[in-house]
Amino acid sequence: MTAALIVREVRRGLHGAAWLPVAFFLLIATIVPFAVGPDARLLGRIGGGALWIAALTAALLPIERLIEPDRADGVLDQLTMTGTADEAVGAAKMIGHWLTFGPLLLIAAVPGSFLVGLDGPALARSLISIAIGTPALAALSVAVAALTAGLPRAGALAGLLMMPLAVPLVIFGAAATGDGESAALKLETAVALLIVAGAPFVTGAAIRAART
Amino acid sequence: MSPLLKGHGLALVRGGRMLFEGLDLELEAGDALHISGPNGSGKSSLIRLVAGLLRPAAGRIERAEAALADNLLALDRELTLSRALAFWKGPRLGDAMRAFALEDLAHLPVRLLSTGQAKRAQLARVMASGAPLWLLDEPQNGLDRKGLAELDEAIAAHRAQGGAVLAASHTPLAGQWRIMELEA
């Protein structure tokens with residue numbers, strides 16, 4: 001059942017607006033040089049951080065469609081009836097969501113890096129950092145979507161919940177774009193692993209708690 | 001043979017109110033139990049409790065594999081009916097679509113189905129699952145006379161094959177049913 005659910009998530013992601021987070025990401029990357037001015041050295045120094053803020057805000061966009069429609073329509077209940085654990089549903093949703101979010105965001109990170117003044121080795125570092133970060137962003141999106149499913153003004157609430165949770169990821173992710181010598185990339189990977197491993201359990205518990 | 005459903009001393013609290021307590025349930029192969037009672041008496045909650053979607057405040061439930069049809073459609077609106085039903089991987093999907101006369105609607109997108117057609121699709125999913133225990137919440141809602149006959153026939157066939165049905169409804173159901181009355 002989980003394989004079918006992953007396929008369904010990908011189909012719905014592509015059928016919906018998979019390009020929306022990517023467009024949002026590029027738009028923020030475009031605005032950064034306008035906001036801080038055309039100083040290439042300054043841009044190069046803050047570019048990695050700006051890229052991460054763009055990625056995090058882009059990850060907020062799909063949250064409302066990840067869990068709530070399936071909760072409201074009884075899909076989550078019917079999945080339980082087939083003997084699928086809520087945690088497995090969470091994991092399948094994470095994988096399915098990442099497949100329509102991660103690779104596209106990574107492709108967009110190439111022009112995005114140029115827009116914020118990162119090139120050469122800095123471009124490579126920012127791509128690696130974003131690549132490691134996308135599974136964690138997808139996992140956080142699904143967990144936060146489950147935690148806010150069924151609540152009024154869930155979209156705004158999801159933003160408030162997700163941004164603090166993403167702070168460690170952003171700290172190490174942005175640091176890893178700046179300095180190849182530091183341990184930031186390893187720490188980012190560690191944080192990402194922790195989020196990816198924990199999110200299915202948070203999602204499963206939240207799905208159960210939301211059942212009335 | 002062990003019963004398909006056995007509930008002992010069940011109590012359920014919703015919103016700080018005790019809906020029922022000390023409730024015993026037992027369904028053997030071929031049994032059918034009709035839960036009746038006024039609105040708000042906890043019929044749907046009892047169905048969800050047996051389904052495992054709610055936790056009892058007290059008591060214990062043991063049951064065989066079950067399939068549920070409640071008032072939530074759980075079918076992807078953008079897909080055709082046959083593809084949307086196929087997602088649920090019921091081993092008896094072909095039989096079920098025939099039993100509820102859904103073959104002519106197979107290529108229609110789910111979003112275009114009428115209330116009664118959607119109800120038939122839900123009942124077909126229950127039948128397709130091959131589960132021995134059917135949990136039906138208001139199964140007659142929206143069904144026309146032909147749909148009601150298909151439902152009665154499907155239930156009778158299911159019981160004849162050794163299945164059991166637990167249905168919540170405020171209107172009578174055809175055939176021989178044990179009746180359990182919940183009080184408001």
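Student: Which residue is the bridge partner of H8(B) in β4(B)?
Tutor: That is R60(B). Keep in mind that this is a predicted model.

Student: How do the two strands run, and over how many bridges do they pair?
Tutor: β1(B) and β4(B), the latter being residues 58-63, are antiparallel, with 5 bridges between them.

Student: Which other strand is joined to β1(B), and by how many bridges?
Tutor: Strand β2 of chain B, residues 17-27, is joined to β1(B), residues 5-14, by 7 bridges. These two strands also run antiparallel. One bridge pairs K6(B) with E26(B) in β2(B).

Student: How many residues sit between the strands in that hairpin?
Tutor: There are 2 residues between β1(B) and β2(B), and in this hairpin G15(B) has a positive phi near 55 degrees.

Student: Now the open sheet in chain B. What is the strand order?
Tutor: The order is β5-β6-β7-β3-β8, which makes 5 strands, paired in parallel.

Student: Why do β5 and β8 of chain B have one side without a neighbour in the sheet?
Tutor: Because β5 (66-69) and β8 (178-181) stand at the edges of the sheet, each of them has a single partner strand. From one strand to the next, the twist averages 15 degrees.

Student: What about β3(B) and β8(B), how many bridges there?
Tutor: β3(B), residues 32-36, pairs with β8(B) over 4 bridges in the parallel sense. In β8(B), I179(B) is the bridge partner of H34(B).

Student: Which strands does helix α1 of chain B touch?
Tutor: Helix α1(B), residues 43-51, packs on the sheet and touches β3, β5, β6, β7 and β8 of chain B. Its direction is at about 150 degrees to that of β6(B). Helix α5(B), residues 145-160, packs on the sheet too, touching β3, β6 and β7 of chain B, and its direction makes about 155 degrees with that of β6(B).

Student: What does the UniProt annotation say for residues 5-182 of chain B?
Tutor: The unreviewed UniProt entry annotates that stretch as "domain: ABC transporter". In the model the span is 29% helix and 28% strand, with its end C-alpha atoms 18 Å apart.

Student: Switching to chain A. How many residues does helix α7 have?
Tutor: Helix α7(A), residues 86-115, has 30 residues. From first C-alpha to last it reaches 41 Å, close to the expected 44 Å.

Student: Where is the kink in α7(A) centred?
Tutor: The kink is centred on W98(A) and is about 40 degrees. After α7(A) comes G117(A), with a positive phi near 80 degrees.

Definitions and conventions. Residues numbered from 1 in each chain as written. Chains lettered and ligands numbered in written order. Predicted model: local features only at pLDDT ≥ 70, side-chain atom pairs only at ≥ 80, totals over all residues. Heavy atoms only, no water. UniProt positions renumbered as here; feature names shortened; annotations may be inferred. Expected span 1.5 Å × (residues − 1). Bend = angle between axes of the 7 residues up to and from the residue. Pairing = 2+ DSSP bridges. Axes fitted to C-alpha atoms, helices over the stretch in contact; angles between N-to-C directions. Contact = heavy atoms within 4.5 Å.
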